[in-house]
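Please view the sequence and structure first.

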Amino acid sequence: MTGSVESVAGGPILVVRDLRRSFGGIKAADGVNLEVRRKEIVGLIGPNGSGKSTLFNLVSGAINPEGGEILFNGRDIAGWKPHRVARAGLARTFQIPALFDNMSVMENLLSAAAEGHWNGARGRAEEVLRLLRIEAVRDNRAVDLSGGQQKLLEFGRAMMREAPLVLLDEVTAGVHLNIRSIILDAVARLRDSGTTFFLIEHDMELVKNVCDRIIVMDAGQVITTGRFDEIATNSEVMQAYLGRRAEVSP
Amino acid sequence: MRGWFPIVLLVCGAAVVFALPELLNAYWLRIATGVLMWAGLACSWNIIGGYAGYIDFGHSVFFGIGAYASAILMGDAFGWPFAATIPVGLLAAGGVAAVIGGPTLRLRGAYFAIATWAFAETLLQLATVLEITGGTAGLSLPPFLNERFFYFAMLTAAAATYALTWLLFERSRFGLKVKALRDHEPAAEAMGINTAAVKLQAFALSAATAAVFGSIYAYWVTFINPRSTLGGDITDQMVVMVLLGGLGSLWGPALGAAALFIVNRIFWMYWGDTTFYIAILGLAIIVVVLFLPNGLAGLFARKTQNGSQNAGRALWRALTRPGVER
Amino acid sequence: MDLLLQTLLNGILIGGIIASFSIGFQLTFGVLHVIDFAVGAWVVLGGYLAYWMSTLLGVGGFVSLPVAFVVFGAIGYLIGPVIYRVRNSRYARPELMALALTFGLFTLLRGGALTLWGFNTRSVPTALSGESLMIGSVTVPLLRVVAFAFACAVAAALFLILYRTRYGLAIRATAENRHNAGLMGVDVQRLSANVYGLYAAVTGMAGVLMAAIYSVNPEIGLRYTLFAFFVAVLAGLGSVGGAILAALLFGIMESVVATYVGSSYSHLAIFATLYLVLLVSPRGILQRGL
């Protein structure tokens with residue numbers, strides 16, 4: 001593990017050791033090792049198919065690992081059911097917005113608090129609506145929202161969890177700059193109040209500006225980790241991106 | 001619907017409901033009792049089908065369990081009083097749902113529908129060969145000919161079912177959890193919701209409420225057989241009533257039940273048989289699917305952005321643009 | 001021993017006919033992504049068509065076969081796009097609504113048949129009714145053999161279409177991925193109409209034969225829907241190849257239970273097995289893609 005981390009970070013909140021999982025012969029996680037520290041914003045980058053989403057699914061319990069450890073706040077949560085992981089204090093968003101389509105925006109937010117901090121949930125939901133500037137559509141069904149509003153709502157739902165660790169899976173992909181800055185403002189705010197973020201991102205500009213540290217994956221393994229300027233000059237990383245198809249331009 | 005309107009509606013409704021036995025003759029009182037029973041059953045189906053999104057094509061099982069529990073326990077072998085049999089049926093149905101729900105609720109969509117249907121038919125066939133259920137001949141209960149009693153019994157059960165549904169699904173976080181797992185199960189899990197447990201609870205609740213109506217029904221008609229209590233027609237009616245009224249809405253099932261059951265009785269009155277009614281039932285489903293996907297309740301529902309919506313205009317829009325309205 | 005042979009033979013022969021409409025049922029699921037509740041109704045209506053032809057025109061069952069093909073093909077061709085449209089609509093829950101639609105269709109057809117013909121059982125005479133061959137001590141009813149041959153022909157034709165023609169390739173592509181097939185220039189809505197039409201036509205013909213073998217009444221439709229479901233669950237929904245094997249297995253099972261345990265238990269056995277199979281292996285026991 002590379003130790004060059006900014007001083008904001010505390011001890012580790014998430015430690016992954018030798019995590020393994022394959023699908024029909026393809027090793028989506030081939031001995032993943034990584035660490036996320038308290039109050040850090042860590043970016044996870046890598047070409048498509050490098051195992052980033054699989055890693056998120058493993059950590060959040062959506063799929064079971066074949067081996068390895070996932071230490072969350074010191075407890076091994078490998079193989080836990082997703083709802084247990086969530087209750088232990090981990091929130092996540094999905095790559096494709098996974099909203100409760102037939103429920104209103106308000107209900108979507110409240111349902112995120114149904115299992116957790118229910119007292120005062122309505123007040124907090126109002127606050128999230130205001131912060132994300134979606135008060136106007138509070139009574140609309142989620143399925144009727146625009147793509148950007150859906151991303152905002154999904155992020156808002158993760159906020160409602162009040163979780164110490166939030167996994168964001170391409171939360172700003174394909175949204176307008178306005179919406180992106182709303183989300184990034186919210187991320188900064190939450191981090192100041194002690195939330196740790198672990199995010200998959202394809203936009204290198206964003207990674208550069210937001211992340212304290214970056215983890216690079218390729219072929220189911222972590223190939224390097226460090227600050228953006230360290231990563232950008234790393235030939236291995238360039239190889240990983242350019243060796244395949246140039247889907248992402250750093 | 002906020003403010004004084006629902007209160008006035010509730011008071012007027014209550015007044016009408018309590019005055020009905022004085023106003024109706026015996027024949028129409030029976031029909032009113034039937035409407036209440038079907039409204040309650042439709043509501044019970046709506047819990048699992050509408051709120052939780054699991055299409056149960058074997059819900060008659062729970063109605064039948066209630067009916068048979070009362071019939072067996074009130075028979076000569078046990079001789080229990082009627083009131084004591086209701087909790088037994090309720091618990092038996094809830095228990096069966098809890099047991100079969102574990103494995104069955106892992107199935108999704110059409111697979112769940114087929115599995116529940118198969119389970120219901122299995123129980124139906126079992127009831128025709130077992131001795132305790134009286135086989136195909138069925139069972140008789142001690143007659144109690146008091147139409148008012150049954151009217152008020154059904155009224156109490158239906159009111160309780162709707163009140164419970166309203167409290168649990170429209171006014172508490174349990175409803176949020178159930179609707180969340182209906183709309184997106186993995187996302188619900190990510191919100192910390194134990195979906196396996198929550199849907200099992202919804203299923204058991206749905207089953208237990210259906211059983212109460214089975215108990216009262218058996219005592220009311222004094223004679224039951226496998227077809228009349230466990231048969232697919234019972235489930236079909238519930239499903240169609242909910243679809244017609246509005247899937248997943250609180251009052252929709254009551255609207256659908258009233259409309260369909262009264263039409264059913266009118267057919268029976270004028271033509272004496274109800275085979276044509278089956279065709280009408282089928283046609284009603286097709287029309288609802290093509291033109292009124294949100295059911296009768298959808299016509300009266302408010303559109304949030306454009307203020308309140310005129311029911312007539314909504315109907316017109318639905319008829320002129322089939323298959324596109326959400 | 002003879003009884004066992006006889007039972008197995010009956011099972012295989014009936015399994016063949018069930019296979020003929022199960023294949024179409026599977027194909028429809030593959031393309032439309034809808035479980036067609038109405039399958040049993042098409043079987044029943046095929047039987048009544050033959051019954052009408054024999055009472056009104058005095059022709060035997062076999063003459064009704066091509067007529068059934070045309071009539072039900074046309075009806076199916078008209079209904080297919082409606083189902084497709086609902087399945088791909090912007091409704092809150094299109095899958096459920098499409099299921100409800102075919103369920104409504106089934107109920108409408110069943111109610112219509114009951115209204116027109118009542119609960120009475122009708123039979124369809126054919127040139128071969130009552131004829132049979134004796135092989136050793138085993139009776140081979142010729143009508144069932146012909147029906148079995150028909151089923152084999154249907155299966156062979158469908159397989160040829162699916163695997164040896166360009167249109168079959170389009171069908172398989174659509175079953176694999178509707179969206180991509182659409183991008184590749186397949187008119188998916190048109191294709192749904194054709195597939196549903198073909199399926200309804202074949203199912204109506206199977207209905208003619210079923211009525212000739214067993215007789216027909218409106219309430220029996222539910223049984224055939226159940227048969228198709230059972231075969232589909234055993235084979236895995238959408239699997240065409242598996243459906244043939246599953247249908248044969250099913251025919252044998254039904255025949256064995258009816259002979260050795262008693263026909264009042266055969267339904268119990270079928271439903272209980274169906275339920276258990278679903279729980280143990282919801283994706284089918286004989287998994288094999290289209």
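In this predicted model, strand β3 of chain A runs parallel to strand β8 of chain A, and the two pair over 4 bridges. Strand β3(A) spans residues 41-45, and β8(A) spans residues 196-200. Within β8(A), Phe197(A) is the residue opposite Ile41(A).

Both strands belong to an open sheet of 6 strands in chain A. The order is β6-β7-β8-β3-β9-β10, with mixed pairing. From one strand to the next, the twist averages 20 degrees.

Strands β1 and β2 of chain A pair in the antiparallel sense. They form a hairpin with 2 residues between them. Gly24(A) sits in the turn and has a positive phi of about 50 degrees. Phe23(A) stands opposite Ile26(A), a residue of β2(A).

| Strand pair | Residues | Sense | Bridges |
|---|---|---|---|
| β3(A) and β8(A) | 41-45 and 196-200 | parallel | 4 bridges |
| β1(A) and β2(A) | 12-23 and 26-37 | antiparallel | 9 bridges |

Now the contact between chains. How many residues of chain B are in contact with chain A? There are 17, and they meet 25 residues of chain A. Two elements of chain B, α7 (173-183) and α8 (185-190), each give two or more residues to this side. The largest share, 6 residues, comes from α7(B). By type, the chain B side that touches chain A has 7 nonpolar, 5 polar and 5 charged residues.

Conventions: Residues are numbered from 1 along each chain as its sequence is written. Chains are lettered from A and ligands numbered from 1 in the order in which they are written. This is a predicted model: local features need pLDDT of at least 70, side-chain atom pairs count only at pLDDT 80 or more; totals for chains, interfaces and linings use all residues. Two residues are in contact if their C-beta atoms, placed from the backbone, lie within 7 Å. Ala, Val, Leu, Ile, Met, Phe, Trp, Tyr, Cys and Pro count as nonpolar, Asp, Glu, Lys and Arg as charged, and the others, Gly among them, as polar. Two strands pair if DSSP finds at least two bridges between them. Axes are lines fitted to C-alpha atoms, for helices over the stretch in contact, and angles run from 0 to 180 degrees between N-to-C directions.
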